[in-house]
Each structure stands twice: as C-alpha cells, then as structure tokens.
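Try each task before reading its solution.

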Amino acid sequence: MLEIKDLVKSYGASEPVLKGLNFSTQDKHLTAIIGSSGAGKSTMLRCINRLVTANSGQILLDGVDLLTLKGKALQHARRKIGMIFQAYNLIDRLTVMENVLSGRLGYIPFLRGAFRKFPQEDIDHAYALLKRVGLSQYVNKRCDELSGGERQRVGAARALMQNPSILLADEPTASLDPKTSERIMELIAQLTEELHLPVLINLHNVAQAKQYAARIVGLRGGVIVFDGKPDELTDEHLEKIYADKKELDEQLHHHTEQSR
Ligand SMILES: Nc1ncnc2c1ncn2[C@@H]1O[C@H](COP(=O)(O)OP(=O)(O)OP(=O)(O)O)[C@@H](O)[C@H]1O
C-alpha cells in the first residue's frame, strides 16, 4: 500500500514543482500518470524512490514513511521499489545477465557484489526473468549490443530482480519507436497482472494510458486534476490536464483516433 500525503517538492529556490500532492493506491494494477512536460510526473516518482528529496509531506509504503528513513533502513525500503527508466540506465559494458543481477546488489555483501559472484538462486531467478521478458538467447551479450526494446526488457527484468512490492516506470517507452513501445507496454501490463504488483507509470501518450491502465491520474502544475478510470477521462478533462494548446491538440487527436 502506497500513500502520499501533502507532498511538496521544489528544486532550489524556485516555485514548488509538487504543491501538496495527495495520492494513494493499494490496488495491484497499473496506474498511468499523465500530464504536460514539466507537470511534475518524474519528480513524483523520484520522490517515492528517494532519487530526489522532498521538502515536506509523507510517503507511506506499507505503513513506513519513506521520507524519514536514512542509511540501512532507507536502503532496505528502496529494495521494495523497482524502477524502470526512460533511458534504461543499464551498464553498457556489462552483460545482460550482469545487469539483471545488479538489481540484487543491495542484498548481498559488498565484496561479493564487487566481484560479481552471485548465489546460484539469484542466477536462476535472473534466468527465469530473462526468459519471461524474451531474452534467454542474449544472456551473455553486452548491453551496448542490444536494441532499445531489448534494453528496456533488461531494465524490466532488473527491476523485478529486486522482488519489489511496487514498480515505478518513468516514461519507459518514450525512447522507442511506436511498435516497440506497444510491445513494452504490453509486457509491463502482463507483468503487472502476473506478479500482482501495483505499478505507477508516467506516460506521454494518453492513448496508451487508456489502453493499458486501470486508473489514470492527471497532473497539472504539481497537483492532481483528474483521477479516475480510463473510460471516465473525457476531452474536457484533457483540456484541464494539458494547458499547452499544441500538446492538447496532439492528445485529443490520439484520443479521438482511439475512440473510433
Ligand atoms: N534536478 C532538477 N533541478 C532543477 N529543476 C528540476 C530538476 N528536475 C526537474 N526540474 C524541474 O521541475 C519541473 C518538473 O519536472 P518533471 O521532470 O518532474 O516533470 P515531468 O512532468 O516529468 O515532465 P516530462 O514529461 O518533461 O518529463 C520542471 O520545470 C523541471 O524543469
């Protein structure tokens, strides 16, 4: 269960990006977060996994306030939060298997991690995940030899290697061509169901949000202006969410195309 209360985040002295955000989910389904560029979507996810530090508020994960944690306790809590990044964030010179295993690094003693000797059960788990994401044949390939879609599959397997209790994905398909982007969305949606995980995913594309998410949250200027089921999201809501005329037209266009 994730509960965000009155979350405020500003970068330096500028106006807050998140202005008292409230959000909670205990459902093990996919929630898409949509909104204009700069609305605060990435900042919201980065506050949850503590890649950035919020100014105030609470983020309760299974009852523990993540914002109060330090050191070992923080490390421990972070293991429960898997993250998939837009730019994959893999280590290019390492193999697919090594990248996936690195998802476990927080769990094993430092020296063993440094020499990359992992217990057999971790290796078995990584194999199983790589098989699930369709990369069995690439286990020993270096990540810089993979396509974007393949890299993102490695990114997903690495996040799941943590056995997370929640999965965050920040524009996971934004660097991919439309076809590959659909495949990755399908994979994430299937994994959400199979693993019974709550997943929060930032998406540029409203049509994809409507297709794959069970719940859509619209952010504008650091506050939630829509929160509902995909079929409750109307053109009027989209006008509220997207301030920029060009962005709105683009999304309305997608939206109408999809409803046809
Ligand atoms: N590290 C940072 N330092 C300073 N300002 C930042 C930083 N990260 C984000 N911002 C600013 O915070 C605002 C919100 O950014 P954020 O990346 O959270 O938005 P977003 O909704 O994810 O946008 P996008 O869709 O473009 O990724 C923007 O104005 C951005 O310039």
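**Exercise 1. How do the residues of the shell around the ligand divide into nonpolar, polar and charged?**

Before we start, a word on conventions. This is a predicted model, in which local features need pLDDT of at least 70 and side-chain atom pairs count only at pLDDT 80 or more, while totals for chains, interfaces and linings use all residues. Residues are numbered from 1 along each chain as its sequence is written.

Step 1: collect the shell, taking a residue as near if its C-beta atom, placed from the backbone, lies within 6 Å of the molecule. That gives Tyr11, Val17, Gly35, Ser37, Gly38, Ala39, Gly40, Lys41, Ser42 and Thr43.

Step 2: sort them. Ala, Val, Leu, Ile, Met, Phe, Trp, Tyr, Cys and Pro count as nonpolar, Asp, Glu, Lys and Arg as charged, and the others, Gly among them, as polar. The shell holds three nonpolar residues, six polar and one charged.

**Exercise 2. Find which residues of helix α1 are buried.**

Step 1: locate α1 at residues 41-48; helices here are DSSP runs (H or I, at least four residues) and strands are runs of E (at least two), numbered from the N terminus.

Step 2: apply the burial cut-offs: buried means 20 or more other C-beta atoms within 10 Å of the residue's own, exposed 12 or fewer, partly exposed in between, with C-beta atoms placed from the backbone. Lys41, Thr43, Met44, Leu45, Cys47 and Ile48 pass as buried.

Step 3: Six of the eight residues are buried, so α1 is largely enclosed by the rest of the structure.

**Exercise 3. Work out the strand order of the open sheet and its edges.**

Step 1: pair the strands, requiring at least two DSSP bridges between them. The four strands run in the order β2-β1-β4-β5, with antiparallel pairing.

Step 2: β2 (18-25) and β5 (64-65) are at the edges; each has a single partner strand, so one side of each lacks a neighbour in the sheet.

Step 3: check one pair. β4 (residues 56-61) meets β5 over two bridges, and Leu61 stands opposite Val64 in β5.
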